[in-house]
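Open the model in your viewer and keep the selection tool handy. We will stop at a pocket, then a cavity, then a stretch taken from a database record.

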Amino acid sequence: MAAAKGGWLACELLRFFYSLFFPGLIVCGILCVCLFIVLWMIRLLLQKKKKSVSSKNGKNQMVIAFFHPYCNAGGGGERVLWCALRALQKKYPEAVYVVYTGDINVSGQQILEGAFRRFNIRLVHPVQFVFLKKRYLVEDSRYPHFTLLGQSLGSIFLGWEALMQCVPDVYIDSMGYAFTLPLFKYVGGCRVGSYVHYPTISTDMLSVVKNQNVGFNNAAFITKNAFLSKAKLIYYHLFAFIYGLVGSCSDTVMVNSSWTLNHILSLWKVGNCTNVVYPPCDVQTFLDIPLHEEEMTQEHLLVSVGQFRPEKNHPLQIRAFAKLLSKKVVESPPSLKLVLIGGCRNKDDELRVNQLRRLSEELGIQEDVEFKINIPFDELKKYLSKATIGLHTMWNEHFGIGIVECMAAGTIILAHNSGGPKLDIVVPHDGQITGFLAETEEGYAETMAHILSLSAEKRLQIRNSARASVSRFSDQEFEMAFLSSVERLFK
């Protein structure tokens, strides 16, 4: 009797939900139409506002805007921004150039001075800065869980703030906030382009979760739980699908390496408008450093160049260096010194530097490790000119400007055996090796020991080969490839 009653209730419940299906479908359709109308009206208002601004100025100048919330940072992405601006200003001198930034604690002039100090880049024409107050919406620390989704949704609100302040003709996302592309294209009526340094999600990240491996983006408590790993994998697949949709809105796509290209093609599926544009590296400035056969020295410098971000994996460098010292593979003299050079974007980065200092103390090597934060370009050159080994430990680094700079300066590079360094940079040149690759703490320690054990003549041969291979990453090569890729945005 109870079973029959339960069956009857289930049937009635199904009938009730079925009766709501078509009305619900109609309501959803009406809401979608209303949303479309509202967005279209906003687009018309924005276009009207833009025309009124142009008429007041008495000029109908093209407005080219870059979305780069952290433009005052000192990383490779910022070098791409300033070199791209410089290239466009040379070709389109009459245009108005705008940078959307969240660096509200500094002035536009200070930002430009910082670009010159760090990268030796000075723009030939003025640039306007639109300061955004809601950059906190894209801070990873704000989203301890569902970080990718939180930052991506936050970038939409940040993009909305940018669009409300300035409506450009051409919009270029130069920092990887793909979710802003449909906003500027369909609401702002802009032609949109993107320069992708690193895909927000990649097939490698999906593999890490699927295989239940621990990583900086896959916590240990998730890897130990099959249900949580499955749930996260579903979340990643859904996010990858949406990421592909928003990315495909771009009219032109530039990627910084073969590794990034492979992932973007599989996710965005816009091969007809996607090109590899290697980041600009100021190789000539480093090539100007005289390269001589090594003289007897009292100290070997090992230098790391890169922002203090978690994925850069600076702890691996310190642990491998400690292992190298503990093995005493190098007789003293000469002694060894590790110098970590990089930029700090915010308090989180500063906290990581303090953690790295503590790690050095715990390993008892604090006297052999130095930290150089946000140093001027000339000081960077000085360290690279004296260094014997350049260290880089990020897994699946998209490219690695710091690696190229080390090679151009005559430093023997030791990078991670993955990503851009493996596919594009640390590759043989005319049959000669240009550097070394490693993966594990032990592997790094052993390879450093091997490099230091080489004769000065052999090291000089590797340095010369590395220098000869980096001309394809020059500022001039970048400008030509970049201008060729964005040309369709100006037709």
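Start with the lining of the second largest pocket: eight of its residues are nonpolar, eight polar and nine charged. Here Ala, Val, Leu, Ile, Met, Phe, Trp, Tyr, Cys and Pro count as nonpolar, Asp, Glu, Lys and Arg as charged, and the others, Gly among them, as polar. The model is predicted: local features need pLDDT of at least 70, side-chain atom pairs count only at pLDDT 80 or more, and totals for chains, interfaces and linings use all residues. Residues are numbered from 1 along each chain as its sequence is written, and side-chain values use heavy atoms, without hydrogens or water.

Next, select helix H3 (108–119), which gives the most to this lining, with four residues (helices are DSSP runs of H or I, at least four residues; strands are runs of E, at least two; both are numbered from the N terminus). Now colour domain 1 (61–280 + 476–489) and domain 2 (283–473): both give residues to the lining, so the pocket lies between them. The domain bounds come from an automatic or database assignment.

Move on to the largest cavity, lined by residues including Ser-304, Lys-312, His-314 and Met-394. Strand S8 (299–305) and helix H11 (314–327) each give two or more residues to this lining. By class, the cavity lining has three nonpolar, six polar and one charged residues. On a 1 Å grid over the protein atoms alone, a cavity is a set of points where a 1.4 Å probe fits but cannot get out, while a pocket is an open set with protein on both sides within 12 Å along at least five of seven lines; lining residues have an atom within 4 Å of a point.

Finally, select 233–255: the chain there is 65% helix and 17% strand.
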